[in-house]
Amino acid sequence: MDFGTVLQIMDSALRLMTPLLLACLAGLWSERAGVFDIGLEGKMLMAAFTAASVAAVTGNAWLGLAAGIAGSLAMSVVHGVASITFRGNQLISGVAINFLASGLTVLLGQRIFQLGGRTPSLTGEARFHAIHLPFAQELRGVPVVGPVYAELVSGHTILVYVAVLCVPLTWWVLYRTRFGLRLRAVGENPASVDTAGVSVQRLRYAAVMICGVLCGLAGTYLATALSAGFVREMTAGRGYIALAALIFAKWRPWHALLATFLFGLMEAVANRFPSIEIGPLTVPSMFVNALPYILTVIILAGFVGRATPPRAGGEPYVKER
Amino acid sequence: MSIVKSLLAGVAVLGLVPVLAPTPAHADPALVFDLGGKFDKSFNEAAYRGAERWKAETGGTYKELEMQSEAQREQALRMLAQTGSNPIVTTGFAFGEVLNKVAPDYPDTRFVVIDTAVDQPNVQSVVFAEEQGSYLAGILAAMASESGTVSFIGGMDIPLIRKFECGFVQGVKATDAEARVIVNYTGTTPAAWNDPVKGAELTRAQKGQGSDIVYAAAGGTGIGVLQAAADEGMLAIGVDSNQNHMHPGQILTSMEKAVDNSVYEAFRLGVDTPPGVKLMDLASEGVRLSMDEHNAPLITDEMTAALEAATAAIVSGEIAVHDYMTDNACPVR
């Protein structure tokens with residue numbers, strides 16, 4: 001395996017990581033505030049659909065992005081109302097969102113575009129295109145650093161850079177601001193926050209909305225950058241993988257980056273080498289495809305130690321009377 | 001209710017009472033679309049085109065029904081049969097099992113099922129020789145490739161899609177024995193049909209390994225493959241319907257299945273549609289490569305000649321393209 005191949009795999013891993021990372025950070029925000037969210041998949045799917053629809057109709061990727069975020073936020077509102085205001089079961093609300101998005105996208109898509117639930121293919125300005133960073137071509141000749149910069153760092157869509165920047169931003173807000181401290185406290189011990197005179201409900205709503213925006217970015221990236229249009233069920237379980245990565249990362253932003261990159265890398269390797277030959281043995285493609293999941297189990301069981309979720313996670317907050 | 005029904009059926013079989021089901025003299029045909037929907041730019045839309053052609057030529061009318069959920073299939077077929085539609089054409093392999101249940105109850109109605117085989121005396125099963133069409137696609141890919149490496153992306157890893165792959169590989173190797181074929185499958189679950197993101201990523205990975213022509217037999221995933229191929233400057237080969245128009249000049253050809261012709265034929269023959277398995281192969285123009293203004297600049301005279309020679313040889317039986325589904329194995333790798 002030469003250097004070029006390694007770079008290509010890393011490049012592919014970065015692209016595959018982006019939707020996972022955004023969804024993982026979305027889950028992190030929500031769960032840190034004590035609201036479990038297994039509706040990441042549904043929110044991404046909804047965002048992918050609204051983004052692709054609006055981009056197809058208007059021919060503008062940025063309007064598509066706005067619509068994607070709006071679509072995902074609408075789902076977040078449903079989750080928030082059900083699980084914060086009405087103190088419903090957060091898991092059930094999340095499952096409902098997944099089903100709702102799965103059905104609604106196809107229904108609306110068929111009604112509007114009559115393409116069997118697809119949206120028309122996006123072309124030109126309706127898609128996010130790769131950005132070539134300055135000096136990428138000039139530096140290509142420089143050994144090692146040149147190709148890494150030109151192949152790996154440059155040449156992604158803006159949403160990839162946004163996703164990576166969201167990691168330090170999330171870390172800074174959660175660990176270095178008052179809002180972040182309160183938000184984390186709401187996930188650990190909401191009563192203490194309430195005692196301090198801060199609204200638990202408002203903080204949780206804020207977290208769920210941030211989660212919606214991030215899922216909106218993830219869905220938009222899937223539909224308007226990685227591919228060109230919406231296809232039914234196109235998230236293909238990425239929301240659930242993001243949840244696994246979140247546990248793997250123990251609800252911490254920088255670890256989320258590493259965990260999702262690992263998942264992206266695994267998928268990229270599986271794409272590149274459908275079957276791996278080790279001497280006389282051939283590892284079948286099914287095994288290579290299952291590796292990320294096997295790895296999750298092994299690492300969770302043995303290497304990262306206990307993954308402790310936020311203590312108040314999953315419990316609606318009831319003010320004492 | 002079911003007891004009454006089976007009693008009635010038993011009485012009817014014994015010939016004690018005349019069968020009550022009315023058989024109108026001028027039965028209208030009916031067409032049932034599968035979940036993909038009428039305007040899916042692929043399989044179902046081809047069936048719709050066939051029906052519309054029949055309508056335009058004969059001035060007849062037909063009933064149509066779009067499935068909205070899995071549970072509707074049986075009910076829809078019974079409803080159409082009871083209201084006297086004949087023949088009833090269904091698109092998609094998913095109708096196979098339902099027909100085994102429904103068809104025996106309506107012995108005077110002709111059913112047609114496309115893409116699977118149902119063994120009932122009043123059902124015509126239309127199956128396609130995908131391996132022959134894919135063989136021709138392989139020839140074209142090997143001739144158009146500059147790098148000597150071509151690739152295939154399948155949807156869900158099932159024997160039907162292996163059949164496409166195997167035909168394609170045979171075509172490539174017959175043209176250029178040195179050529180390399182990279183094969184990827186999107187997955188092993190039905191989600192593999194609708195993952196354009198993974199399709200696009202697989203395409204890029206294949207490009208990284210030197211492939212410059214990619215053949216996609218992957219349903220909705222194929223849309224991602226064709227898109228990525230166009231983005232990366234590769235040539236793609238579409239499937240099922242003519243997909244050449246999706247990225248003009250960047251799709252080498254499409255391996256079309258003549259679903260429209262089989263619907264048209266069934267409508268034309270009406271109740272006289274012969275039951276049994278109808279094989280749609282190259283000889284009956286059931287599979288073909290799409291040639292139109294969108295891919296004309298990509299096709300050289302040499303390629304046309306090679307395709308014509310291969311078509312003639314397959315039709316005459318001189319070249320026997322192996323069908324993966326006969327023994328679940330492919331002779332060439």
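Q: In which sense do strand β1 (residues 30-33) and strand β3 (residues 88-91) of chain B pair, and over how many bridges?
A: This is a predicted model. One bridge links V32(B) to its partner T90(B) in β3(B). In total, β1(B) and β3(B) are joined in the parallel sense, over three bridges.

Q: Which are the edge strands of the open sheet of six strands in chain B?
A: The order of strands is β2-β1-β3-β4-β5-β11 (chain B), with parallel pairing. Neighbouring strands are turned by 20° against each other on average, direction ignored. An edge strand pairs on one side only. That applies to β2 (63-66) and β11 (276-280) of chain B.

Q: What angle does the direction of helix α4 (residues 95-102) of chain B make with that of β4(B)?
A: Helix α4(B) packs on the sheet. There it touches β3, β4 (111-114) and β5 (123-128) of chain B. Its direction and that of β4(B) make an angle of about 160°.

Q: How many residues of helix α8 (residues 221-232) of chain B are buried?
A: The helix has twelve residues and reaches 17 Å from first C-alpha to last, close to the 16 Å expected. What covers its buried residues includes β6 (149-156), α7 (196-208) and β9 (235-240) of chain B. Among the buried residues are T221(B), L226(B) and A230(B). α8(B) is mostly covered, and its buried residues number ten.

Q: Which residue just after α8(B) takes a positive phi?
A: The helix covers residues 221-232 of chain B. Just after α8(B) comes a phi of about 75°, and the residue that takes it is G233(B).

Q: Which helix gives the largest share of the side of chain A that touches chain B?
A: The contact takes 26 residues from chain A and 25 residues from chain B. On the chain A side, α1 (3-32), α10 (200-226), α12 (253-272) and α13 (285-303) each supply at least two residues. By class, this side has ten nonpolar, twelve polar and four charged residues. The largest share is four residues, and it comes from α1(A).

Q: Why does H79(A) count as buried?
A: H79(A) lies in helix α3 (residues 61-85) of chain A. Leaving aside neighbours within four places in sequence, its contacts include D37(A), S93(A) and V208(A). The cut-off for a buried residue is 20 or more other C-beta atoms within 10 Å. H79(A) counts as buried because its C-beta neighbours inside 10 Å number 26.

Q: How many Å apart in space are H79(A) and A228(A), C-alpha to C-alpha?
A: In sequence, H79(A) and A228(A) are 149 residues apart. In space, C-alpha to C-alpha, the distance between H79(A) and A228(A) is 29 Å.

Note on methods
Residues are numbered from 1 along each chain as its sequence is written. Chains are lettered from A and ligands numbered from 1 in the order in which they are written. This is a predicted model: local features need pLDDT of at least 70, side-chain atom pairs count only at pLDDT 80 or more; totals for chains, interfaces and linings use all residues. The expected span of a helix is 1.5 Å times one less than its number of residues. A residue is buried if 20 or more other C-beta atoms lie within 10 Å of its own, exposed if 12 or fewer, and partly exposed in between; C-beta atoms are placed from the backbone. Two residues are in contact if their C-beta atoms, placed from the backbone, lie within 7 Å. Ala, Val, Leu, Ile, Met, Phe, Trp, Tyr, Cys and Pro count as nonpolar, Asp, Glu, Lys and Arg as charged, and the others, Gly among them, as polar. Two strands pair if DSSP finds at least two bridges between them. Axes are lines fitted to C-alpha atoms, for helices over the stretch in contact, and angles run from 0 to 180 degrees between N-to-C directions.
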